[in-house]
Amino acid sequence: MAALPKVIAVVDDDASTLKGIERLLSAYGFATKVFASAEAFLDREGAADVDCLLLDIHLGGMSGIELRHRLTAAGCKLPVIFMTAFDDEATRTQAQSAGCIAFLQKPFAANLLLAAIEQAAPET
């Protein structure tokens, strides 16, 4: 019996980035759940049956870091990979203190994303 693909939830408010990441992950055999906002992720119980969360930090509305804090407060231990186009020391520090497996600066190479996913959700 074949193993089920890992499910990666992706939250990004840029439609082209969301589509590009969805295509990339699909090409590498991952299943994806995509969300255009942190609120949509929460409204649709995005963490259900997900192996890893790829989360943009700077979203319109609730930030990725705030979403991470809410998930943690609710007892959710879903591994998070943060991504951002605006990399600075303060943002990086906030992301790391919120608890992330990896921090990727957009645009990022596919191999960096795949390595981060493997670290966040290793093969069982």
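This is a predicted model: local features need pLDDT of at least 70, side-chain atom pairs count only at pLDDT 80 or more; totals for chains, interfaces and linings use all residues.
A crossover is called right-handed if, with the strands pointing away from the viewer, the path from the first strand over the helix to the second runs clockwise. Keep that picture in mind, because E1, H1 and E2 make a right-handed β-α-β unit here.

Let's start with strand E1, which spans residues 7-11. E1 is mostly covered, with 5 of its 5 residues buried. Val7, Ala9 and Val11 point one way from the strand, while Ile8 and Val10 point the other way, and all of them are buried. E1 has strand partners, too. With E2 (residues 31-35), E1 pairs in the parallel sense over 5 bridges, and in that pairing Ile8 stands opposite Thr32. With E3, E1 also pairs in the parallel sense, this time over 4 bridges, and Val10 stands opposite Leu54 there.

Now zoom in on Ile8. Is Ile8 buried or exposed? Its relative accessibility is 0%, and the cut-off for buried is under 20%, so Ile8 counts as buried. As for what surrounds Ile8, leave aside its neighbours within four places in sequence and the contacts are Leu25, Phe30, Ala31, Thr32, Lys33, Val50, Cys52, Leu54 and Ile117. Thr32 in that list is also the residue that stands opposite Ile8 in E2. For a sense of scale, take Ile57: Ile8 and Ile57 are 49 residues apart in sequence and 17 Å apart in space, C-alpha to C-alpha.

Next, the charged side chains. How many salt bridges does a search of the whole structure find? The search finds 5. One of them is between Lys6 and Glu118, with the closest N and O atoms 3.3 Å apart. This pair links distant parts of the chain: Lys6 sits in the segment before E1, Glu118 sits in helix H5 (residues 110-120), and the two are 112 residues apart. The two ends of the bridge have their own surroundings. Lys6 is buried, because its relative accessible area is 11%, whereas Glu118 counts as partly exposed at 36% relative accessibility.

For a local counterpart, look at helix H1, the helix of the β-α-β unit. Glu22 forms a salt bridge with Lys19, and the closest N and O atoms are 3.8 Å apart. Both residues lie in H1 (residues 15-27), 3 residues apart, which is about one turn of the helix. Glu22 counts as partly exposed at 23% relative accessibility, and Lys19 counts as partly exposed at 41%.

Then there is the pair Lys106 and Asp56, whose side chains meet in a salt bridge of 3.3 Å, N to O. Why does this pair tie together separate parts of the chain? Lys106 lies in the loop between strand E5 (102-105) and H5, and Asp56 lies in strand E3 (residues 52-56), so the bridge joins parts that are 50 residues apart in sequence. Both partners are covered: Lys106 is buried, with a relative accessible area of 18%, and Asp56 is buried, with a relative accessible area of 4%. The side chains of Asp56 and Lys106 are also joined by a polar contact of 3.3 Å.

Asp12, Asp56 and Lys106 are linked in a network of salt bridges. Asp56 has other contacts as well; leaving aside neighbours within four places in sequence, Asp56 is in contact with Val11, Asp12, Asp13, Gly64, Met83, Thr84 and Lys106. Val11 on that list is a buried residue of E1, which brings the tour back to the strand where it began.

Pro107 is found in the loop between E5 and H5. The other detail is at Asp49, in the loop between helix H2 (38-43) and E3. Phi of Asp49 is near 60°, a positive value in a residue other than glycine. Is Asp49 buried or exposed? Asp49 is exposed, with a relative accessible area of 70%.

Key. Residues are numbered from 1 along each chain as its sequence is written. Side-chain values use heavy atoms; hydrogens and water are left out. Buried means under 20% relative accessible area, exposed over 50%, partly exposed in between (1.4 Å probe, protein chains only). Contact means heavy atoms within 4.5 Å. A salt bridge is a side-chain nitrogen of Lys or Arg within 4 Å of a carboxyl oxygen of Asp or Glu. A polar contact is a pair of N or O atoms within 3.5 Å; within protein, one must be able to donate a hydrogen and the other to accept it, and residues adjacent in sequence count only if both atoms are side-chain atoms. Two strands pair if DSSP finds at least two bridges between them.
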